[in-house]
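Q: I would like a close look at one part of this protein, followed by a walk through its surroundings. Please keep the account plain.

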Amino acid sequence: MSASGDLVVVGAGPAGMAAAATALDGGLRVLLVDSGAALGGQFWRHPPEQARHAIPTADLHHGLPTYRALCATLSAHARTGRLTLLLNHHVWTTAREGDGFAVHAMDRSRAPEETAVVLRAPALLVATGAYDRQLPFPGWDLPGVLTIGGLQSLLKGGGVAAGRRVVLGGTGPFLLPVAAALAARGAEVVAVCEAAAPSAWLRHPVPLLRNPAKWVEAARYAGTLARHRVPVRTRTAIVGAEGDGRVAMVRVASLDADGSTLPGTERRIEADTVGVGWGFVPQLDLLIPLGCDLADAGDGTMAAAVDDGQRTGMPGLYAAGETCGVGGAVLAVSEGAIAAVSVLTDLRSPGLPNVRRLAAKRAAVARHRAFARAMAQAHPLPTAWSSWLTDDTLVCRCEEVTAGAVRAVSADGSASDHRQVKQLTRAGMGWCQGRMCGPAVHCLVARDQPYAPAERLIATPATLGGLAGLDESTTDHV
């Protein structure tokens, strides 16, 4: 199957939805593709349509009026035929094709059958978001140890509190909403272990003052945690998990300024579920093979480099949302709208939006990006986190590569980045393709450089049966 339009938008989260809606309002024909079964992405994840009335999740969401307005706009354009919405479609690669782009996806709406789909347009906007960044620790491979994002997905997608006695750890404000939601749904959140110190925010007063909504949000979470008597322990980290077949105990310790554990502070806490999150990594799999330039996001990762119109350095290629650096849904919506205006301008469409509204969007982007930079500086990765690892701690769980093996190839000079470690140890060659272990491996061997994932021409697994559906004219461009 193939389809064409003026613009392909990959990702139907906040940025992708806003971009598609703005481009459609401007008169373009848009193809909006997403791997999920519904609009909203990870941020506006909901239970299945048939179960929403029975699983209340509205309290877990921010910006629902924006979400509903975008859904209404997209539905109206779908009825006119200008929007082609392709859900349950997994994009596995993109390619330059003449003056435009070919986007290759697998239609998995009738799983286990999958069908190859090719989408073509002169403009491509990538809004694929980000994924959880993990740092390993002894026992992190035990069942019951999840990412913070995974815990929230279970809450938003099914109203499920994964566990009865939960410990959360890592760094960043994302710990708070997950802790509050778990507590509100009956889980006993025994501790929230924040590696950073709250005083770090005092060094960044301007972004705080310019974003008062963030204070209100934080105060609401703090109130929920106080009502449920959830202790928040700062300068503290989860440094180990124990259990026979499943996590039953976690070890936590206070941290020195560099992230090393303070002697005599380690304690053990009973728990059946652990949630860990160290921020997020921009999803760049579709952009890197196209030659998109990257920039330091300021939080230890690389992100798509864009101008003030969300244009990348490649004509016709745009990026918005957390592919450009993690900063939240409000920022993503503004960037998506700005990117769509750039597409309208570059394609010489007559339907450009109000100039004042565009200026307001750009001001919002500048304000929220400044807050995101301040957040990254206030919640850095602990410099000495690797001292928590024993040599037999698994770093790459897919290929069972230990911290000792990674340290060995780094110490003898064989490897200076995660790509060379992959070649020598197979770390990152498993099913997740380095999404879980890549940032950690990189930190172990190249701590002073921001992390960028390795180039992958196939961004998501595709079956040979699905690939067999590609015709020769299509495969010539892949």
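How many bridges join strand β6 to strand β7, and do the two strands run parallel or antiparallel?

A: The model is a predicted one. In this model, strand β6 covers residues 100–107 and strand β7 covers residues 115–121. Seven bridges join them, and the two strands run antiparallel. One of the pairings can be picked out by residue: Asp107 has Thr115 of β7 as its bridge partner.

These two strands belong to an open sheet of four strands. Reading across the sheet, the order is β1-β7-β6-β5, and the pairing is mixed. The edge strands are β1, residues 2–4, and β5, residues 89–97, and each of them pairs on one side only. From one strand to the next, the twist averages 20°.

The chain also has an open sheet of five strands, with the order β10-β17-β11-β12-β13. Its pairing is parallel. At its edges stand β10 (145–147) and β13 (232–234); each has a single partner strand, so one side of each is left without a neighbour in the sheet. The twist in this sheet averages 20° from one strand to the next.

Inside that order, strand β11 (residues 165–170) is joined to strand β12 (residues 188–194) by six bridges, and the two run parallel. Val167 stands opposite Ala191 in β12. A helix also packs on this sheet: α3, residues 148–158, touches β10, β11 and β17 (273–277). The direction of α3 makes about 85° with that of β10.

By residue type, the lining of the second largest cavity has seven nonpolar residues, two polar ones and no charged ones.

The largest cavity has about 100 Å³ of space. It is lined by 13 residues, and those nearest its centre are His418, Lys422, Gly428, Gln433 and Gly434. The elements that give two or more residues to this lining are α10 (418–425) and α11 (438–445). The lining of the largest cavity divides into six nonpolar, five polar and two charged residues.

A UniProt annotation from an unreviewed entry, "domain: BFD-like [2Fe-2S]-binding", covers residues 394–446. Over residues 394–446 the chain is 47% helix and 9% strand.

Glu322 lies in the loop between β21 (317–319) and α7 (329–346). Leaving aside neighbours within four places in sequence, Glu322 is in contact with Gly129, Ala130, Pro282, Gly327 and Gly328. Glu322 and Glu335 are 13 residues apart in sequence, and their C-alpha atoms are 9.5 Å apart in space.

Note on methods. Residues numbered from 1 in each chain as written. Predicted model: local features only at pLDDT ≥ 70, side-chain atom pairs only at ≥ 80, totals over all residues. Heavy atoms only, no water. Pairing = 2+ DSSP bridges. Axes fitted to C-alpha atoms, helices over the stretch in contact; angles between N-to-C directions. UniProt positions renumbered as here; feature names shortened; annotations may be inferred. Contact = heavy atoms within 4.5 Å. 1 Å grid on protein atoms, 1.4 Å probe; cavity = no way out; pocket = protein on both sides within 12 Å on 5 of 7 lines; lining within 4 Å. Points joined across faces, edges and corners; volume = space filled by probe spheres on them. Nonpolar A, V, L, I, M, F, W, Y, C, P; charged D, E, K, R; others polar.
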